[in-house]
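Here is a short report on a protein fold and its charged pairs. Please look over the sequence and the model before reading on.

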Amino acid sequence: MIQKDTSYIKFIEELSFNAWPSYKSELYDDWLLGYSDFYTHRTNCVHVIGSSRLPIDKKIRYCEEEYKRLNTPCIFKINPIFTEGLDHMLLKRGYVKEHITDTYCCNLSDIQVTSNPHYEVIVEDRLTKNWIMNLFHLNRTTNENHLTIVPKMYEAIPRDIISACIIDHGNTIATGLGILERDHIGIYAIYVDEHYRGQQLAKSIVSSLLLRAKEQGIHHAYLQVVDDNLIAKRVYHSLGFRALYTYWFRVKKE
């Protein structure tokens, strides 16, 4: 599933990092350490963004100490570039593989959009506090630290945003977010209330985000989907998305 064009993979990695920044981060010899009190793996991990000059063992120990100091798991994101045998080294140190994730891309000229005759998708070129609170309800976020820092993470997104939601009887039942950068839209935060699943609401949300991006002159889209989420994969395939590459996380188990 890994695309040979590593330059485009690196480009998508840049876009996805900008689209969903960590609450705090530090740069260490071309490794970027992100911290978010373990809200998600992606925002609470080590991103390898370039070739190392320091010994890898030394760098791993430094990361382990830093994440331990902050009382959060030490996690490394493993992508097809700049890994330098890191995955194997982490395996030998007792790190386990978690959250295998496929990155999908498409040209918006190829998308097969759809509308839902029963529900209207509300699309806005902004992100509101109400949208974030409704997202917390859908993904069942209750951790007090997350309720405080995650809105700040959304506020820190440096790019134009398209938000989408579906409301039924006054309640938000589905959400989605599009982040625009360099002729691409990244699709994020697709959630559907469990009582409304099976009605193509996610497909309607993504379609609406892609259409609004296309209206704004965007030509390409990308998203990430967990490898075993077959239902979501079928939805994205039906819209015209195709797999580009796979990444995963290595997590230190004490």
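Among contacts in the protein between residues at least 6 apart in sequence, what percentage join residues at least 24 apart? The share is 72%. Note that this model is predicted.

**Overall build**

Seven helices and eleven strands make up the secondary structure of the protein. The radius of gyration is 18 Å, close to the 18 Å that the globule rule gives for 254 residues, so the protein is as compact as a globular protein of that length. Along the principal axes, the C-alpha atoms fill a box of roughly 55 × 40 × 30 Å. Of the 254 residues, 52% are buried. The accessible surface is about 12600 Å², and carbon and sulfur atoms account for 49% of that.

**Charges and salt bridges**

The protein carries 30 positive and 31 negative charges, and their mean positions lie 4 Å apart. Side chains of opposite charge can pair when their charged atoms come close. The count here is 18 salt bridges.

| Pair | N to O distance |
|---|---|
| Arg53 and Asp30 | 3.7 Å |
| Arg69 and Glu66 | 3.0 Å |
| Lys233 and Asp227 | 3.1 Å |

Arg53 and Asp30 link distant parts of the chain, 23 residues apart. Arg53 sits in the loop between β3 and α2, Asp30 in the loop between β1 and β2. Arg53 is exposed at 63%, whereas Asp30 is partly exposed at 23% relative accessible area.

Arg69 and Glu66 are three residues apart in helix α2, about one helical turn. Arg69 is exposed, but Glu66 is buried.

Lys233 is buried, at 11% relative accessibility.

A network of salt bridges links Lys10, Glu14, Arg159, Glu181 and Arg182.

Definitions and conventions: Residues are numbered from 1 along each chain as its sequence is written. This is a predicted model: local features need pLDDT of at least 70, side-chain atom pairs count only at pLDDT 80 or more; totals for chains, interfaces and linings use all residues. Side-chain values use heavy atoms; hydrogens and water are left out. Helices (H or I, at least four residues) and strands (E, at least two) are DSSP runs, numbered from the N terminus. The radius of gyration is taken over C-alpha atoms; the globule rule is 2.2 Å times the number of residues to the power 0.38. Buried means under 20% relative accessible area, exposed over 50%, partly exposed in between (1.4 Å probe, protein chains only). Contact means heavy atoms within 4.5 Å. Accessible areas come from the Shrake-Rupley method with a 1.4 Å probe; for residues, only the protein chains shown count as cover. Lys and Arg count as positive and Asp and Glu as negative; His and the chain ends are not counted. The place of a charge is taken as NZ of Lys, CZ of Arg, CG of Asp or CD of Glu. A salt bridge is a side-chain nitrogen of Lys or Arg within 4 Å of a carboxyl oxygen of Asp or Glu.
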